Amino acid sequence: MLALASAQLFDGKIDQAMTSYRELPTATGKAEFLTSYAKILMLQGDKARALETLREADALLTDKKGTLTRLDTTRQSESIAQAFADAGSPNEGRAILAEIADYRHRIPMNPMLLALMVQVAKSQAAIGFKDEAAQYLSESMDKALDQGLSLEPEQIFQIFETWASIDPKAAATVATDLVKVIAEGGPSAFEFAIWTGLSVGLPASEDRTAAIASARRSMAQAPERAAVLRLAPKLAGALRQNGKADEAQTLLDDTAAQASALSAPLDKAQTLLIVAEALTRAEEITKSEKLLNEILALRPGPGPQGAALRHYMSAVPAQFALLGKSDIAYDLVMKIDEPRRDMALIMAADKLAVKGDYHQAMRFLGKLNDEISAMMMAGIAQRLAGINS
């Protein structure tokens with residue numbers, strides 16, 4: 001219904017869109033619609049009505065809402081904050097994000113809350129308030145360290161990537177100090193994650209060059225090979241950004257070889273998937289296909305480990321779809337056992353839709369018989385409405 005209302009809005013059928021809007025059952029859906037409506041009003045030059053509409057959308061998400069409900073609607077609040085900035089009232093957007101960020105003082109820091117603070121900091125910086133965004137990251141990281149929070153290398157990477165893009169000097173200082181502490185326990189994937197985050201996030205080429213050198217050194221020394229290899233494509237991206245395309249490709253090729261040599265099937269499948277997608281982005285189609293076939297050749301055993309391996313194998317058809325090999329992807333999906341087939345169909349359709357190949361995405365969705373299919377078809381219609389406008 002939300003997608004239908006949005007499509008009607010984009011088509012200029014405002015009365016029909018408002019009728020559909022009134023049928024939306026949730027505050028979240030209504031807020032999303034009103035945000036889209038405000039953007040239409042902005043395009044028409046009516047900023048005053050756009051601002052009133054955005055205030056109404058924000059009220060739907062905030063009035064008499066508990067902590068979990070409030071944090072659950074962060075994505076919608078970020079869209080409203082950006083729309084306020086676009087409508088010429090960035091301070092109203094800043095206030096929305098600051099209210100969400102304030103939860104770092106109100107509930108104990110945990111991995112999910114830390115990830116949320118990183119996302120809110122990105123949004124706050126995007127609308128022009130970098131100092132506040134940097135403060136969110138600094139205080140959240142301090143709390144995480146004080147509480148001895150257990151974090152994965154991937155999350156460490158995300159924190160420093162974001163921090164470096166917002167406040168390069170502070171991020172580099174904290175990274176250097178933290179690496180000194182981590183290094184006391186010997187080389188680790190965490191050190192590699194910090195330097196790689198800086199390599200990707202730092203805006204200045206000279207600063208990136210130094211961070212890349214540190215990242216490559218720590219990559220060679222870190223014992224947690226699977227975790228390191230899963231982040232290596234990020235470092236390859238930083239090399240490309242610095243004009244080192246050949247070095248980036250060599251790094252990806254070396255990473256692929258090391259991933260193929262991993263002994264634990266689960267680590268191997270998860271890592272090969274990530275590296276295969278990176279090779280696809282680099283337009284190394286043959287190399288990517290080789291890694292995907294390696295995953296398909298694995299033999300899942302019984303128990304939870306076998307079930308987890310089957311999950312990663314179910315993601316392979318989606319990667320073939322990304323490669324432009326939709327027929328192979330379709331045949332692979334239809335060979336998957338019934339309980340896991342729907343998820344494989346969804347993943348493949350999602351990749352195709354993001355790629356813009358809506359016709360092929362509908363081919364996969366046509367084999368689904370649940371509400372997810374309808375929701376994804378509605379999402380495709382919404383994208384098409386936006387494109388047509």
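So, α15 and α16 run roughly antiparallel to each other, where roughly antiparallel means an angle over 145 degrees, roughly parallel means under 35, roughly perpendicular means 65 to 115, and the rest is called oblique. The angle here is about 155°, and the axes of α15 (residues 245-260) and α16 (residues 265-281) are 9 Å apart. An axis is a line fitted to C-alpha atoms, for helices over the stretch in contact, and the angles run from 0 to 180 degrees between N-to-C directions. Helices themselves are DSSP runs (H or I, at least four residues), just as strands are (E, at least two), and they are numbered from the N terminus.

Before I go on, this is a predicted model, and local features need pLDDT of at least 70, side-chain atom pairs count only at pLDDT 80 or more, while totals for chains, interfaces and linings use all residues. Residues are numbered from 1 along each chain as its sequence is written, and side-chain values use heavy atoms, with hydrogens and water left out.

Back to our pair. α15 passes α16 in a left-handed crossing, meaning that the near helix is turned anticlockwise from the far one by less than a right angle; clockwise would be right-handed. Which residues in α15 meet α16? Among them are Gln-249, Leu-252, Asp-253 and Ala-256, and on the α16 side the partners include Lys-268, Leu-272 and Val-275. Contact here means heavy atoms within 4.5 Å. For the classes, Ala, Val, Leu, Ile, Met, Phe, Trp, Tyr, Cys and Pro count as nonpolar, Asp, Glu, Lys and Arg as charged, and the others, Gly among them, as polar.

Glu-283 sits in the loop between α16 and α17 (285-296), and it has a positive phi of about 65° although it is not a glycine. Most residues other than glycine have a negative phi. Glu-283 is exposed, at a relative accessible area of 66%; the cut-offs are under 20% for buried, over 50% for exposed, and partly exposed in between, with a 1.4 Å probe and protein chains only. You'll find Lys-64 in the loop between α4 (47-62) and α5 (67-72), exposed at 88%.

How do α3 and α4 cross? Their axes come within 8 Å and cross at roughly 170°, so α3 is roughly antiparallel to α4. Leu-34, Tyr-37 and Leu-41 are among the α3 residues in this contact, and Arg-49, Leu-54 and Leu-60 are among those from α4. By class, that's twelve nonpolar, three polar and three charged residues.

Arg-49, in α4, is partly exposed at 43%. Leaving aside neighbours within four places in sequence, Arg-49 is in contact with Tyr-37 and Leu-41.

On to α1 (residues 2-10) and α3 (residues 27-43), which pack at about 10° with axes 10 Å apart. That makes α1 roughly parallel to α3. Leu-2, Ala-5 and Leu-9 are among the α1 residues there, meeting α3 residues including Phe-33, Tyr-37 and Ile-40.

Now the inside. A nonpolar core is a set of buried Ala, Val, Leu, Ile, Met, Phe, Trp, Tyr and Cys residues joined through side-chain atoms within 4.5 Å. The largest one has 103 residues, and Leu-292 and Phe-364 are among those with the most contacts inside it. Its largest share, ten residues, comes from helix α14 (residues 225-241). There's also a second, separate core of 24 residues, including Leu-34, Tyr-37, Leu-41 and Ile-96.

Last stop: is Ser-326 buried or exposed? Buried, at 8% relative accessibility. Ser-326 belongs to helix α20 (residues 326-334). Beyond four places in sequence, its contacts include Phe-320, Arg-363 and Phe-364. Ser-326 and Arg-363 are 37 residues apart in sequence, yet 9.6 Å apart in space, C-alpha to C-alpha. That's my tour, over to you.
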